[in-house]
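This briefing is intended to be read beside the sequence and the three-dimensional structure.

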Amino acid sequence: MSTSSDARTSRHPEGLRRSFIEHVEFNRGKNFESSNTYDRFLALAMTVRDRLAHSWVKSQRRYYATDAKRAYYLSAEYLLGRALGNNLINMGMWDSVRDALRDLGIDLTTLLELEPDAGLGNGGLGRLAACFLDSMATLDLPCMGYGIRYEFGIFTQEFINGYQVERADEWLKFGNPWEIVRPERSVPVRFYGSVEQHQAPDGRRISRWVGGKTVLGVPYDMPIAGYGAQTVNTLRLWQARASAEFDFALFNDGDYERSVVEKNDSEVISKVLYPNDQNQAGKELRLKQEYFFVACSLADIMRRYLKTHADFVQFPDKAAIQLNDTHPAIAIAELMRVLIDEKRVPWDEAWDITQKTFGYTNHTLLAEALEKWPVTLFERLLPRHLLIIYEINQRFLRQVQIRYPFDNERLERMSLIEEGKEKMVRMAHLAVVGSHSINGVADLHTKLLQQDVMPDFAEMMPTRFNNKTNGVTPRRWLLSCNPRLAKLINEAIGDKWVRDCDELQGLEKFADDAAFLKKFREVKHHNKVDLTNHIRDLVWMSLDPSSIFDVQVKRLHEYKRQLLNALHIVALWMKARKDPSTTLVPRSFIFGAKSAPGYQRAKLIIRLINGIAEVVNSEASKTGLRVAFVPNYRVSLAERIIPAADLSEQISTAGMEASGTGNMKFALNGALTIGTLDGANIEIRERVGADNFFLFGLTAEEVKQKLHQGYRGRAVYESNAQVREALDLVASGFFSPEDKDLFRPLVESLLDDDRYLVLADFDAYAKAQEEVSRAYLQPDRWWKATLLNVARMGFFSSDRTIREYAKNIWNVKPVPQEP
């Protein structure tokens, strides 16, 4: 007879089936026959979670037993996607669960499709964090992620008359079966108030932050399973709750609205991912969010540390905290506040602990993306932290002054406070000064970070700067999303690549094997047919699976240059209308992108692409060109698109993309890249070979020189007939008949302020695209190149990246399960 433990942990189809039926009955309150598909999805998720919990508890027990140093990853974003399929794969339960459900007449795929994406992120930053969590657990590293449990994640995107319309993303509408709420671990967080100061008996100045409002941070834990499920780590997300649900006196007096005002004010903090910060209220809410999750996380980290330690001498030896971009940078001031004000640690000792504890990852070269907050906002919202930042700044600038005497301009550049019409707190400077490690995320990015963005800091503290090129998890981005290709690879070289991506090099011996390349090509064709069917169901249009699937899916930003792609499509279409033979190979251009709600120019580019699609698709049978802009791009949609792509568009202006990870996912799945020497493109090209990458465009240095020399796009317009005809057609209102002047601002900005050098790179881009068509017409060349891309992408596994963080920044070692 099986025990209750066996029923919860068995991975045999019979045990899984019994557990599944019990969850339908006892968790959903239904008998199996009356249950609906959603009941069954939740029952399956709970069945899987039972087995995760078993490894989860054992993993935490190991960490405590060994008093292991832990790494804590602070990120405002986690673009997790769906968890069920990923957990089944990482736990090795896919086949057993599929068989158990099949015996009950249930299709596993149907249940997988019911899970909403956990869209707690905006783009690459959040998806990288999710890949990192997967790798940390797979490598048996004692790590934990912290973030915010947004009630509404990245918005759901719809297109109405070609325009982006944002709808609330209600990913928690039916609850989240993976999370466990832990109210007993709630943390009070203070905002506003004032600072009281007095002298201690030993002469030290003591500060107390008093008054203001208090919000509770309630933790929700999600299990993160490593491949093989020997280690299950934790992602702890904080939800804001009022410290008092409502004012009972006001309620009894009949003032029902005012009685819950504090509850509403408090809980809005974790309501939505990235509120629109174009206004003062939005700015305040965003800073509140950042401090809220940082304060909760640090309190939790310190609580855990103090369970086994009496003082903070060993804190940096037991905790490494990584700041994922500038959003959590306030953590540096918060740790100082807790150590100095609450734990009475002297300043110098507290600062030494803080610097040894924190590492900072920079993710951007764009000045506008390096967060700055008005001093007046800080003074009102976080008065004690502003005083601490002032003190850090004063002490730091004294060091700068000693090192570089009489250099006042340097002092201004390096100050944590930006002087000007409105004084601002430079959060990136705080992160740099308060961390022992500052890393970029691609070789070029790190070099430009040191040369252009923070040259003074790099000169003064060169040993702190280092590079950690990003990576992606091969479990989700090949094994899970591309099962046909994974099966073919396993048959050829075995499955060790799932844990060690360098094993993919074994595929190189098949680069000239006609029989293998035929199978490889068939895998791609089947994936393209699947995507064609999915897009038909989504947007009622048919693609041609024999055409080149030319894909650009990523966040919509001008520097990513979706506009360059769009203008090239216009030029191709105009040529094909005159002479259809100019279309050497039919093309299906596939776009997926969301624009920030307040980013009007990006939203106009979306409208333009949809306008182009409407026109081009009406003559697809004549020109061989089709355009599909798939709405609501997200992780689960990427998992369908990426395996089907032939060509990966990585065409950002050189020197503006930090790294990119989409470029890695496409190459890993057998797409060739057309791209600039930007971000990780450079390293990908070096690894896969220049012959297997379509390079074009200005280098980062050439971009810098051209802008410095006063480049204007109008000169290109006047000298290039293809550019001129395409822009004139766009400006004429041809793609917006309801508003002839709709796209004039886009055209005028290209002519007079082409800061992303769209027109400067147009000719080189068009020529590279011609080379793409010629290469596709040579099947032996094309498929050999795609296979070599897959074979040579091992370096870009997030496992390699996390090993480097663990060894070189965190000094955290694996704590594997004993045999």
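The model is predicted. It holds eight cavities of 30 Å³ or more, zero disulfides and 24 aromatic pairs.

**Largest cavity**

- The largest cavity contains about 310 Å³ of space.
- Its lining consists of 27 residues, and Leu80, Arg82, Ala83, Met222 and Arg476 are the closest to its centre.
- At least two lining residues of the largest cavity come from each of α3 (37-66), β2 (78-81), α4 (84-90), α7 (124-138) and β11 (213-225).

**Second largest cavity**

- The volume of the second largest cavity is about 100 Å³.
- Residues that line the second largest cavity include Glu558, Arg561, Leu563 and Arg601. Also among them are Leu746, Ser749 and Leu750, as well as Asp753, Asp754, Arg755, Tyr756 and Val758.
- Helix α33 (residues 744-752) makes the greatest contribution to this lining, with three residues.
- The lining of the second largest cavity divides into six charged, five nonpolar and one polar residue.

**Cysteines**

- The disulfide count is zero. Cysteine 143 takes part in no disulfide, and the nearest cysteine sulfur, which belongs to cysteine 131, lies 15 Å away.
- Cysteine 143 has a relative accessible area of 6% and is therefore buried.
- Cysteine 296 is likewise classed as buried, because its relative accessible area is 0%.

**A three-stranded sheet**

- An open sheet is formed by three strands in the order β15-β17-β16, with antiparallel pairing.
- The edge positions belong to β15 (372-374) and β16 (417-418); each has a single partner strand, so one side of each has no neighbour in the sheet.
- Three bridges join β15 to strand β17 (residues 424-426) in the antiparallel sense.
- Tryptophan 373 has valine 425 in β17 as its bridge partner.

**Aromatic pairs**

- The total is 24 aromatic pairs. One of these joins tyrosine 72 and tyrosine 146 in a tilted arrangement, with 6.0 Å from centre to centre and 35 degrees between the planes.
- This pair connects distant parts of the chain: tyrosine 72 belongs to strand β1 (residues 70-74) and tyrosine 146 to strand β4 (residues 143-148), 74 residues apart.
- Tyrosine 72 is buried because its relative accessible area is 4%. Tyrosine 146 is buried as well, with a relative accessible area of 0%.
- The ring centres of phenylalanine 191 and tyrosine 291 are 5.8 Å apart and the ring planes stand at 80 degrees, so this pair is edge-to-face.
- Phenylalanine 191 and tyrosine 291 are both buried.
- Tyr73, Phe132, Tyr805 and Trp810 are linked into a cluster by ring pairs.

Key:
Residues numbered from 1 in each chain as written. Predicted model: local features only at pLDDT ≥ 70, side-chain atom pairs only at ≥ 80, totals over all residues. Heavy atoms only, no water. 1 Å grid on protein atoms, 1.4 Å probe; cavity = no way out; pocket = protein on both sides within 12 Å on 5 of 7 lines; lining within 4 Å. Points joined across faces, edges and corners; volume = space filled by probe spheres on them. Helix = DSSP H or I, 4+ residues; strand = E, 2+ residues; numbered from the N terminus. Nonpolar A, V, L, I, M, F, W, Y, C, P; charged D, E, K, R; others polar. Disulfide = S-S within 2.5 Å. Buried < 20%, exposed > 50% of the residue type's maximum accessible area, 1.4 Å probe, protein only. Pairing = 2+ DSSP bridges. Phe/Tyr/Trp six-rings, centres within 6.5 Å; stacked < 30°, edge-to-face > 60°.
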